[in-house]
Every structure is written in C-alpha cells, then in structure tokens.
Amino acid sequence: MTDLNSLVNPTLLASPIDSEQQHFQLVMKQTCLKLPTEPLLVAHPQIDRWIMEVNLLFPEVFEWEPPQLLVDTQFITQLCTDEKNVCVQVNTNAAFLENRTVNLIEWAIRHPFLNWSDKVKLWVAADYLSLPPENLKLTILALHPTHPGKRHEISWDERQHVETRDWLVSVLTGQAAQTKASVISRKKSPSRSAILANFNIEEIAEVEI
C-alpha cells in the first residue's frame, strides 16, 4: 500500500508522518489487546478523547476478542496485469461475524467518506478471504482534532469489487509504461562518457580575460 500510495499521491510521502495518528493507532491496538496504555495516554491526552469517542460510536470494538477481532492484521493477494504479477498487501482491522460476514473497521483522524485506500482494502480482503463481495462491509470511525467523531457504514458489492481491480490494474500499468518510457529516453540520450569522447578542446574559442 505504501508503494501504491506513492503512485497515487506522489507528494504525500514528502510530508512528515502524523505522529499523533501513529500514537492513536498504537493505543487502539494495545487497548483491544488488553495491554497497558497509561504512559501513552499521559503523554498524549488528546488520544483519550478519541478512545472514548470510538467507544461511543462502536462499543463492540472493545468487546470482541481475538480471533473474532484481528487488529492491524495483514491481508495479501496477487494482482495480474499484462506487464507482470504483483502482490498487494494491506493492514486493516477485521471482525469475523456470523454467516461468513467480515466487517473491516477503520479508525483514524480522517474524513468519513470512502477513499481509494478503503476500496483497495475491501478488494484485497474479499480476494484474500475468498468471500463474495456482498459478505464484506466497512465501518469508518472518522475522528477529528476538534469536532465530534462520525461513524460511516459502507456496503461492498461485485460492481465495486471489479471497478477497484480495474483501477488498480490501470494504475500499475500506467506506472510500468512510465518506467519503460524513462528507460527508452535514457537509452536515446548520449551517455556522459560518449559526450566526453567526442569533446574537442581545440574547438572552443579563446576568451580574453
């Protein structure tokens, strides 16, 4: 996902990673795993409010235990393009419910609407778990530094699943085409050694100083 992020948002990696977001994710993970969080909460009091908001928006998160709820779990699947086969790996939180239904849960300081990263996570999860897209849903717990948090439920279906796969293929194919063009361009351009080999100092006119 990091490499894909650099293709979709080439300037994003130039900005510093939000440490508050990282600390919040760590506290959520430790809370769900019943590990101590006091030192982090003392150092980052803002996170305590976000934890309480998550508890209000979706209390089940703190009631489920592994293996029903997997926090920061990895799903990986293969994507075949005309150029090559690539593996797409995502990290997400997944609750395994009855009737082979899986609920992905994204808690973060973010906007509540569905973005391309969410779609990729849904696509990879459905493919990795061999689930019909309709058996998958996403719950977004969108938090904010000053405004109240929001909960947004996303359903997934076959149409969105196929569209996301096609979008991924187009992004990766476009990147491969750019790489080829860059290689061809470098081959056509004269090398530094070739330029030096053809360099004749006698042809340079003298300049009076």
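N99 is placed in the loop between β2 (85–96) and β3 (102–109). Helices (H or I, at least four residues) and strands (E, at least two) are DSSP runs, numbered from the N terminus. The model is predicted: local features need pLDDT of at least 70, side-chain atom pairs count only at pLDDT 80 or more, and totals for chains, interfaces and linings use all residues. Residues are numbered from 1 along each chain as its sequence is written, and side-chain values use heavy atoms, with hydrogens and water left out.

Most residues other than glycine have a negative phi, and most peptide bonds are trans. N99 is not a glycine, yet its phi is positive, at about 60°. With a relative accessibility of 69%, N99 counts as exposed. Here exposed means over 50% relative accessible area, buried under 20%, and partly exposed in between (1.4 Å probe, protein chains only). S130 also has a positive phi, of about 55°, although it is not a glycine. S130 lies in the loop between α5 (116–128) and β4 (136–143). Its relative accessibility is 56%, so S130 counts as exposed. A cis peptide bond runs from P66 to P67, with omega near 5°. P67 belongs to the loop between α4 (45–57) and β1 (69–80).

Helix α5 has 13 residues. From first C-alpha to last it reaches 18 Å, close to the 18 Å expected at 1.5 Å a residue. The expected span is 1.5 Å times one less than the number of residues. At the start of α5, a side-chain oxygen of N115 comes within 3.1 Å of the backbone nitrogen of S117. This is a polar contact, defined as a pair of N or O atoms within 3.5 Å; within protein, one must be able to donate a hydrogen and the other to accept it, and residues adjacent in sequence count only if both atoms are side-chain atoms. Buried residues of α5 include S117, D118, W123 and A126.

A125 also lies in α5. At 0% relative accessibility, A125 counts as buried. Leaving aside neighbours within four places in sequence, A125 is in contact (heavy atoms within 4.5 Å) with F75, L104 and L136. A125 and T92 are 33 residues apart in sequence, but 9.0 Å apart in space, C-alpha to C-alpha.

A nonpolar core is a set of buried Ala, Val, Leu, Ile, Met, Phe, Trp, Tyr and Cys residues joined through side-chain atoms within 4.5 Å. The largest has 25 residues, and those with the most contacts inside it are F75, L79, V102, L104, V124 and L136. At least two residues each come from β1, β2, β3, α5, β4 and α6 (158–188). Helix α5 gives the most, with 6 residues. Beyond four places in sequence, V102 touches A94, A95, F96, L129, L131, N135, L136 and K137. A second, separate core of 20 residues includes C32, W64, L69 and L143.

There are 4 aromatic pairs in the structure. The ring centres of F58 and W64 are 5.7 Å apart and the planes are at 80°, so this pair is edge-to-face. Rings of Phe, Tyr and Trp (its six-membered ring) pair if their centres lie within 6.5 Å; planes under 30 degrees apart count as stacked, over 60 as edge-to-face and the rest as tilted. Both F58 and W64 are buried. The charged end of R151 sits over the ring of F58, 4.2 Å from its centre. This assignment needs NZ of Lys or CZ of Arg within 6 Å of the ring centre and within 35 degrees of the ring normal.
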